[in-house]
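This report walks through one protein model for a reader who is new to reading structures. Please look at the structure first, and then follow the sections below.

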Amino acid sequence: MAIERTFSMIKPDATKRNLTGAITAKLEEAGLSVVASKRVWMSLRQAEAFYAVHKERPFFGELTEFMASGPTVVQVLEGENAVAKNREVMGATNPADAAEGTIRKEFALSIGENSVHGSDAAETAAEEMAFWFAGNEIVG
Ligand code: CMP
């Protein structure tokens with residue numbers, strides 16, 4: 001499996017609890033390298049654009065208001081099989097279903113305040129990285 005990149009976010013519930021380092025450590029322990037990182041306070045409009053794929057879902061308003069409620073750390077991760085590896089380390093979307101040792105099992109508060117986001121496929125990863133980073137901000 002080739003080295004690939006994926007996109008990750010440490011969400012406002014986690015930054016508020018000072019968990020940026022603890023979550024990043026779990027990603028690094030899993031063999032992923034942080035090749036881009038910045039802390040942003042996204043606007044509601046940015047949250048709506050980023051999560052546009054979910055705009056018909058009943059939780060869209062709750063999701064976007066939450067994402068605009070405080071700082072988020074947006075990151076690009078690099079490593080072998082990075083998309084799948086990151087999803088494995090994050091655990092299931094709903095922390096009640098997340099496996100032991102995963103980020104969401106350890107840190108997430110609820111399905112909405114679930115501490116992290118990770119791209120679900122290589123194509124989505126490319127779009128999500130491009131949403132937040134210029135090419136020269138990603139340094140592997
Ligand atoms: P994420 O990986 O960021 O992708 C979409 C997000 O929508 C998801 O994580 C959850 O935080 C959120 N989400 C999914 N289902 C629900 C739900 N039923 N209620 C609130 N938020 C949800």
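## The sheet

Strand β1 (residues 3-10) and strand β3 (residues 72-80) run antiparallel and are joined by 8 bridges, where strands are DSSP runs of E with at least two residues and helices are runs of H or I with at least four residues, both numbered from the N terminus. Within this pairing, Met9 has Val74 of β3 as its bridge partner. The model is a predicted one, in which local features need pLDDT of at least 70 and side-chain atom pairs count only at pLDDT 80 or more, while totals for chains, interfaces and linings use all residues. Residues are numbered from 1 along each chain as its sequence is written, and side-chain values use heavy atoms, with hydrogens and water left out.

The strands belong to an open sheet of 4 strands in the order β2-β3-β1-β4, with antiparallel pairing; two strands count as paired if DSSP finds at least two bridges between them. Because β2 (33-40) and β4 stand at the edges with a single partner strand each, one side of each is left without a neighbour in the sheet.

## Helices across the sheet

Helix α5 (residues 82-90) lies across β1, β3 and β4 and runs at about 35° to β1, whereas helix α7 (residues 122-132) lies across β1, β2, β3 and β4 at about 55° to β1. Such angles run from 0 to 180 degrees between N-to-C directions, and the axes are lines fitted to C-alpha atoms, for helices over the stretch in contact, with contact meaning heavy atoms within 4.5 Å.

## His117

His117 has its place in strand β4 (residues 116-118), and an unreviewed UniProt entry gives the annotation "active site" for His117; UniProt positions follow the numbering used here, feature names are shortened, and annotations may be inferred rather than shown by experiment. His117 counts as buried because its relative accessibility is 12%, where buried means under 20% relative accessible area, exposed over 50% and partly exposed in between (1.4 Å probe, protein chains only). Leaving aside neighbours within four places in sequence, His117 is in contact with several residues, including Phe7, Met9, Tyr51 and Glu128.

## Thr20

Thr20 lies in helix α2 (residues 20-29) and is partly exposed, with a relative accessible area of 24%. Not counting residues up to four places away in sequence, Thr20 touches Ile10, Thr15, Arg39 and Val73. The C-alpha atoms of Thr20 and Met129, which are 109 residues apart along the chain, are separated by 19 Å.
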